[in-house]
Amino acid sequence: MSTEPEKIYDSDPSEDTSWMLTYGDIITLLMIFFVLMFSSSKLSEEKFDKVAQSINESLNRPGPDPVTETPQTVTVPPLQNAQRLLDQMISERDLSMEMTTTMTPSGLVIELSSNSFFESGSAVIKQSMVKSLEELSFIIQEFPTQDYQVDVEGHTDNVPISTAQFPSNWELSALRAINVAHIFESTGMPRERLAAIAYADTKPKRPNTDDAGINIPENQAENRRVVVFVTELDAL
């Protein structure tokens, strides 16, 4: 009489294991889903190289050279570059009392003190200041674009003038602006980009007089000026 060996079960033989089929299908579908996602994704070579480099360094092995990003060149707008060069010239030539620069939303303003560039009641530019005006002109002409306008504005204080050459402050402010424009033109600045404008005492920076109508010499000195206004037309 033969006896069959007793079967050994890991679990109760009466237990329903049909759920395992469904579980196996779910695992298979999940695997397929992640494989599809991986195959449609785009690997970052830069990140991969960095990870590989890190792993190889930890194992003391030479790894691939990491991807180096090319530094982006910062382009400085022409007006800001011109202001930087002018400020450098002003500093090197110790002209802070004679010439100042200001950047405005409309353009670059270079202010020239009339007391430094002209004798009182005269429109003749002092010979000692001609070179500074020439350098100013050269810096403006170094713009990478030719689409710019240079307005030279003449301003006076409120003290009337009446001479054979200058019947009023209109003529004085006009000729001072014209003579500065002549310097610019003589250095090669296109004349079609130049304009000379006379304002006389109509646009003071500071009040010429106090509330009692008495002149304020410090303010009058600031109001006697020539303003070079540079505008980049294609930026408007």
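Reader: Which residues point one way from S3, and which point the other way?

Author: Tyr148, Val150, Val152 and Gly154 point one way from S3, while Gln149, Asp151, Glu153 and His155 point the other way. Every one of them is buried (under 20% relative accessible area; exposed is over 50%, and partly exposed lies in between, with a 1.4 Å probe and protein chains only). Before we go on, this is a predicted model: local features need pLDDT of at least 70, side-chain atom pairs count only at pLDDT 80 or more, and totals for chains, interfaces and linings use all residues. Residues are numbered from 1 along each chain as its sequence is written, and side-chain values use heavy atoms, leaving out hydrogens and water.

Reader: What makes S3 mostly covered?

Author: Eight of its eight residues fall in the buried class. For the protein chain as a whole, buried residues make up 33% of the 236 residues.

Reader: How many helices and strands does the protein chain have?

Author: Seven helices and five strands. Both are DSSP runs numbered from the N terminus: helices are H or I with at least four residues, strands E with at least two. Along the sequence, the pattern goes α-α-α-β-β-α-α-β-α-β-α-β.

Reader: What is the order of the strands in the open sheet?

Author: The order is S1-S2-S5-S3-S4, with mixed pairing. Strand S1 (99–103) and strand S4 (194–200) are the edge strands, as each pairs on one side only. From one strand to the next, the twist averages 20°.

Reader: How do you know that S1 and strand S2 pair?

Author: Two strands pair if DSSP finds at least two bridges between them. Five bridges join S1 to S2 (residues 108–113), so these two strands pass that test. They run antiparallel, and threonine 102 stands opposite valine 109 in S2.

Reader: Which way do S3 and S5 run, and which way do S3 and S4 run?

Author: S3 and S5 run antiparallel, joined by eight bridges; there, glycine 154 stands opposite valine 226 in S5. S3 and S4 run parallel, with six bridges, and valine 152 has alanine 196 in S4 as its bridge partner.

Reader: Why are H5 and H6 called oblique to each other?

Author: The axes of helix H5 (residues 127–141) and H6 cross at roughly 60° and come within 9 Å. Angles under 35 degrees count as roughly parallel, over 145 as roughly antiparallel, 65 to 115 as roughly perpendicular, and the rest as oblique. The crossing angle belongs with the rest, so H5 and H6 are oblique.

Reader: Which residues of H5 meet H6?

Author: Val130, Leu133, Glu134, Leu136, Ser137 and Gln141 in H5 meet Val180, Ile183 and Phe184 in H6. By class, this contact has six nonpolar, two polar and one charged residues. Contact here means heavy atoms within 4.5 Å.

Reader: Why does glutamate 185 count as partly exposed?

Author: Glutamate 185 has 30% relative accessibility, which is neither under the buried limit nor over the exposed one, so it counts as partly exposed. This residue sits in helix H6.

Reader: Which residues is glutamate 185 in contact with, leaving aside its neighbours within four places in sequence?

Author: Arg191 and Leu194. As for serine 137, glutamate 185 is 48 residues away from it in sequence and 8.5 Å away in space, C-alpha to C-alpha.

Notes: Axes are lines fitted to C-alpha atoms, for helices over the stretch in contact, and angles run from 0 to 180 degrees between N-to-C directions. Ala, Val, Leu, Ile, Met, Phe, Trp, Tyr, Cys and Pro count as nonpolar, Asp, Glu, Lys and Arg as charged, and the others, Gly among them, as polar.
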